[in-house]
Amino acid sequence: MSKKTYSKLVKNQELVGDVIDLTYEGLGVVKVDDFPVFIVNSLPGERIKFAITRVLNSYAFGRVLEIIKESPDRVRADHPEMIASGIAPLVNLSYPAQLEFKRKQIRQLFHKVGIDDLEILPTLGMKNPTHYRNKTVVPVKFQAGRLVTGFYRRGSHKLVPIEDYYLNDPKIDVVVGIARDVLNDFHISAYNEISREGIVRYLMVRHGYHSGQTMLAVVATKKHLPHEKEIIKEINQRIPDLTSFLLNYNPKQTNVQLGLNNRVLSGRQVIHDTLLGLDFEIGINSFYQVNPQTTAVLYTKAAELAELKSNQLVIDAYSGIGTIGLSIARQVRKVIGVEVVAPAVEDAKKNMLANRIENAEYIAADAAEQFIKWAAAGVKPDVVFVDPPRKGLTNDLIQSLGVMAPLKFVYISCNPATLARDAVLIKEQGYRISKAVLPIDQFPQTMHVESITVFEKE
């Protein structure tokens, strides 16, 4: 981009342009002399009048002043705060268009790394793509003389007050509001990142979709709350069906929301919920998929695409509390789960025993190192499942996969960018993508998409 083109754009400049694409953050893209401008609440096919809000070296940001020509895929956004905060940046896009956007996103990212010889199936969506989340962690701030819960406006430290989060199970929103109001009544302070003073940082709520059990945790910089006994009594009076009430101690100056020090204020340490007929124990720090409805579809489809057989040995890497491995255990000879987080392994073992599954085993270890050990010991799995975090697989794991050489490798991804990157390296280990990639809308109204890709040994 030439300096001349860059210098044409200045803050507050008003322009008219056509929206040609959506970014992976859900921002509309307008080109001004080939210089990209990213604009909130604009959709492909629209012609808009917009103002420049920020100019950087290779791109700029803008805001909509007027929609001159509206996209046929635009829907009325009754929750504009979802767009302002970035919680649900696609809330203004019709649901069929969201599903196609996510399919297109996967195709584009594979194309970007040079993989075009594959089919991307239509994205599997939800009947009701709202109020699906079973967990939230909400920041708490002191604004306008009282505690406020919500989410930060895009690119700022200003909290947007929110009562209806649109994506959460409605029970979660009720509990957040009650907890915030009770803390307000007892004049509990919110943590201030600048002064590093104050007590409450976040409220975390988990709700069992099938069980109806609810967990509330106050994330605080102190090990005890002022007026703690009175707060506990008031919370339980106002939420009589609360299963678990915890204090999570997190004094560290990091972006990590939850600490590891938990104390039960009332009720139980954990809640339970069911998935594919199995009972799972879920703690405050447990990883458990946030959309229980599509998680059941995700794991069922992954098992179908893996074409599991009763004589097979299956390895579940990044096994967490055992949700994938235990859900397929009765279809195969044996499942071995490997997970680097030791408490998650203990949870998996508890869940295995609670569900009377005898053909599973869970190991606390780094998956890449364990793959090498298994290969040296002659362990030859038929199928390996991985469900990594958004950062994807490590190079070490992919190389150790090549050493262990399973016949089939099922990659459940929550980030198509790292999936495409990893697919290139997996193919270098002698694998091919043997089936069409299946996108599943685990996170409606957001830009995120889950997918299942099956690799087989050449």
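This report covers domains, salt bridges and aromatic contacts in a predicted model.

Residues are numbered from 1 along each chain as its sequence is written. In this predicted model, local features need pLDDT of at least 70 and side-chain atom pairs count only at pLDDT 80 or more, while totals for chains, interfaces and linings use all residues; side-chain values use heavy atoms, with hydrogens and water left out.

**Domains**

The domain assignment of the protein gives three entries: domain 1 (13-74), domain 2 (113-125 + 291-457) and domain 3 (135-273). Such bounds come from an automatic or database domain assignment. Taken over C-alpha atoms, the centres of domain 1 and domain 2 are separated by 38 Å.

**Salt bridges**

Side chains of opposite charge can pair when their charged atoms come close. A salt bridge here is a side-chain nitrogen of Lys or Arg within 4 Å of a carboxyl oxygen of Asp or Glu. The count by this rule is 22 salt bridges. The table gives examples.

| Salt bridge | N to O distance |
|---|---|
| Asp-21 and Lys-104 | 3.7 Å |
| Arg-180 and Asp-181 | 3.1 Å |
| Glu-307 and Lys-408 | 3.4 Å |

Take the pair of Asp-21 and Lys-104. Asp-21 sits in strand β1 (residues 14-22) and Lys-104 in helix α3 (residues 95-112), so the pair links distant parts of the chain, 83 residues apart. Helices (H or I, at least four residues) and strands (E, at least two) are DSSP runs, numbered from the N terminus. Asp-21 is partly exposed, at 25% relative accessible area. Lys-104 is also partly exposed, at 35%. The classes are buried for under 20% relative accessible area, exposed for over 50%, and partly exposed in between (1.4 Å probe, protein chains only).

Glu-307 and Lys-408 also form a salt bridge. This pair too links distant parts of the chain, 101 residues apart. Glu-307 lies in the loop between α6 (292-306) and β15 (313-317), and Lys-408 in strand β19 (residues 408-413). Glu-307 is partly exposed at 39%, whereas Lys-408 is buried at 10%.

Arg-180 bonds with Asp-181 in a salt bridge. Arg-180 is buried, with 9% relative accessibility. Asp-181 is partly exposed, with 22%. Both belong to a network of salt bridges that also links Arg-146 and Glu-163.

**Aromatic contacts**

Rings of Phe, Tyr and Trp (its six-membered ring) pair if their centres lie within 6.5 Å; planes under 30 degrees apart count as stacked, over 60 as edge-to-face and the rest as tilted. Phe-38 counts as buried at 18% relative accessibility. Tyr-59 counts as partly exposed at 30%.

The rings of Phe-409 and Tyr-411 are edge-to-face because their planes stand at 70°, with centres 6.3 Å apart. Phe-409 is buried, at 0% relative accessible area. Tyr-411 is likewise buried, at 0%.

Ring pairs also link Phe-38, Tyr-59 and Phe-61 into a cluster.

Arg-201 lies over the face of Tyr-191, at 4.7 Å from the ring centre. The rule asks for NZ of Lys or CZ of Arg within 6 Å of the ring centre and within 35 degrees of the ring normal.
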